[in-house]
Amino acid sequence: MGILDGIKILVVEDEMLVMMNLEVALEDLGCSSICTVASVIKAIALLNEQNFDLAILDVNLGGEKSYPIADILIARGIPFAFSTGYSDHFDRADLNCHLILRKPYAARDVANVVDQLLHPSELPN
């Protein structure tokens, strides 16, 4: 058992190796329910079909931004973090308050972000 036992996570990432590494990191934290997709349209379809406890979104998905997914997650109150290797990743100031998993990241970085998503009251102001 780990910190993610019983947690269902949506991962939206278009780079296969990054997606696989993230899945391994989440599995190592005890998550057995991970849904991965590589596009905005597939993520939205999944969100219309299933419920998730949290999500990790790559900001740039093959030239398309993951903002529509973020909007749905915000509306549903589902905690999420963005994943990006860019420093100037947001075109929308309203998204700056969300956690960022900076690429390249290690398993401990994933654990830290997930812990913050699970315990939002412990986030610094």
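Author: Welcome! Let's start with a working term: contact here means heavy atoms within 4.5 Å. The model is predicted, so local features need pLDDT of at least 70 and side-chain atom pairs count only at pLDDT 80 or more, while totals for chains, interfaces and linings use all residues. Residues are numbered from 1 along each chain as its sequence is written, and side-chain values use heavy atoms, with hydrogens and water left out.

Reader: How do I read the faces of a helix, and which residues of H2 are buried?

Author: An α-helix has 3.6 residues a turn, so residues three or four places apart point the same way. Helices (H or I, at least four residues) and strands (E, at least two) are DSSP runs, numbered from the N terminus. Buried means under 20% relative accessible area, exposed over 50%, and partly exposed in between, with a 1.4 Å probe and protein chains only. In H2 (40-49), the buried residues are Val 40, Ala 43, Leu 46 and Leu 47. Down the axis of H2 they fall within an arc of 125°, so they line one face of the helix; the arc is that of the directions from the helix axis to the C-beta atoms. The face turned away from this buried side carries exposed Ile 41, Lys 42, Asn 48 and Glu 49.

Reader: What do the buried residues of H2 pack against?

Author: They pack against S1 (8-12), S2, S4 (60-61), S5 (64-65) and helix H3 (67-76).

Reader: How many bridges join S1 to S2, and how many join S1 to S3?

Author: S1 and S2 pair in the parallel sense over 5 bridges, with Lys 8 partnered by Ser 33 in S2. S1 also runs parallel to S3 (residues 54-58), joined by 4 bridges; there, Ile 9 has Leu 54 of S3 as its bridge partner.

Note on methods. Two strands pair if DSSP finds at least two bridges between them.
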